[in-house]
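I wanted to go from the overall picture down to single side chains.

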Amino acid sequence: MQQQTSEQLRVWFRNVEPIYAELFNAAHAMCGNYDLAEYALRSAILDVWLQNVSGGMGFRERLRSALRQAAFEAALSEDAEGAEFTWPGVEGAREDDPILGQLAQEPIELQRLVVLRHGCGLPVKAIARLTGEGQSQIRAELNRFESRCRRRLSGQDRSRAEALLSRKLKKQLTRGGAGVPQISQVYRAFEAEADGAQVTGHRVSRIAGRVVVALIALACAAAFWLFAVLVQPPQF
C-alpha cells in the first residue's frame, strides 16, 4: 500500500465531496438509522480508497456501489436489531410539485419504498430484504402510488411518470442540510482510519517480506544439500 500524506488524503477526499450528501441520504434510506448510515458511508469511502481508485471515469459509480454494499451489511447486521428508525422521510417537497407533493402526503413507510426504488434504484427483491415486506406487496404499493402520481400529471407527462419520478427522487437525495453529518467530521474519521490501514498494510508487507526471505533461504539450503548428495562419489 502506498504511503500517503494528509494533503494527498485531502486531495483524494475532494473527489467524494460532490456526491457526499447523496451517499449519506441513500445510506440513511437503506439503513433507516442515522448512526448506521454514517458508519456505512465511512466504510464505503475507506473501501474505495483502499482499492486505490481516484477521481475520474467510474469513480462515482464505484462509490455508489461500495455505499450500497456497506449499507446492506449495516442494515442486516446484529447492530441494526432494535436500532431506532430515524429516517425523516421526504423533506422540503413543494405542494405544487405533482410528484413530490403526492409523495409528501404518503405514510413514511411508503415514502421509503419509493425512495429506495426510484431514488436509490434498488430492485424490489433488495427492498424486500431491507424492509421485511413481501415482494408482491411492495410492487402493489409502488404501482398504486405511481397511479396516483399519474392522475396528478397532465398531458404527455403521464406517459413518462416513472422517468420523472426517478429523476426527482435522485435529485432529492442530493439535498444537504442539518440531516447530513458534517463533512469535516466524516473526513477526520476517514483520515484516522486510512492512516491505521496504511500502518497495518506496511506491517503486513514487512512480515510478508520476511517470510519470502526465509523461504528463499530454505530453498537455497535444500538446493545445496541436493547438490552435495548428487556430487558425492558412490560408496562401494
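Below are my entries, in the order I looked things up.

**Ground rules**

I am working with a predicted model, where local features need pLDDT of at least 70, side-chain atom pairs count only at pLDDT 80 or more, and totals for chains, interfaces and linings use all residues. Residues are numbered from 1 along each chain as its sequence is written, and side-chain values use heavy atoms, with hydrogens and water left out.

**Entry 1: the whole protein**

I began with the elements. I found 10 helices and 0 strands. Helices (H or I, at least four residues) and strands (E, at least two) are DSSP runs, numbered from the N terminus. Read from that end, the order is α-α-α-α-α-α-α-α-α-α.

Next I checked burial. Of the 236 residues, 39% count as buried. Buried means under 20% relative accessible area, exposed means over 50%, and partly exposed is in between, using a 1.4 Å probe and protein chains only.

The protein exposes about 13900 Å², and carbon and sulfur atoms supply 53% of that. The areas come from the Shrake-Rupley method with a 1.4 Å probe; for residues, only the protein chains shown count as cover.

Last, I looked at contacts, meaning heavy atoms within 4.5 Å. Among contacts with a separation of 6 or more, 73% join residues 24 or more positions apart.

**Entry 2: aromatic rings**

How many aromatic pairs does the structure hold? I noted 7. Rings of Phe, Tyr and Trp (its six-membered ring) pair if their centres lie within 6.5 Å; planes under 30 degrees apart count as stacked, over 60 as edge-to-face and the rest as tilted.

I picked Trp49 and Phe190. They form an edge-to-face pair, at 6.1 Å centre to centre and 85° between the planes. Trp49 lies in helix H3 (residues 34-50) and Phe190 in helix H10 (residues 183-231), so this pair ties together parts that are 141 residues apart in sequence. Trp49 is buried at 5% relative accessibility. Phe190 is buried at 2%.

Phe190 has another partner, Tyr187. Their ring centres are 6.1 Å apart and their planes stand at 50°, so I logged the pair as tilted. Tyr187 and Phe190 are 3 residues apart in helix H10, which means about one helical turn separates them. Tyr187 counts as buried too, at 12%.

I then followed the cluster. Trp12, Phe13, Trp49, Phe59, Tyr187 and Phe190 form one aromatic cluster.

**Entry 3: helix H9**

I tested the length of H9. The expected span is 1.5 Å times one less than the number of residues. For the 13 residues of H9 that should give 18 Å, and the end C-alpha atoms are 18 Å apart, which agrees.

Which residues of H9 are buried? I listed Ala161, Leu164, Leu165, Ser166, Leu169, Gln172 and Leu173. They pack against helix H2 (20-31), H5, helix H6 (108-119) and H8.

**Entry 4: Arg160**

I looked at the loop between helix H8 (135-152) and helix H9 (161-173), where Arg160 is found. Arg160 is partly exposed, with a relative accessible area of 36%. Its side chain makes a polar contact with the side chain of Asp157 at 2.8 Å. A polar contact is a pair of N or O atoms within 3.5 Å; within protein, one must be able to donate a hydrogen and the other to accept it, and residues adjacent in sequence count only if both atoms are side-chain atoms. Arg160 and Arg150 are 10 residues apart in sequence and 8.9 Å apart in space, C-alpha to C-alpha.

**Entry 5: Gln102**

Gln102 sits in helix H5 (residues 98-104). Is Gln102 buried or exposed? It counts as buried because its relative accessibility is 9%. Its side chain makes a polar contact with that of Arg152 at 3.3 Å. Leaving out residues up to four places away in sequence, Gln102 touches Asp97, Phe145, Arg148, Cys149 and Arg152.

**Entry 6: Asn33**

Asn33 is placed in the loop between H2 and H3. It is buried, at 8% relative accessibility. A polar atom of its side chain lies 3.0 Å from the backbone nitrogen of Asp35. Beyond neighbours within four places in sequence, Asn33 contacts His28, Ala83, Glu84 and Thr86.

**Entry 7: cysteines**

I searched for disulfides, meaning pairs of cysteine sulfur atoms within 2.5 Å. I counted 0. Cys120 is buried at 12% relative accessibility, and Cys149 is buried at 3%.
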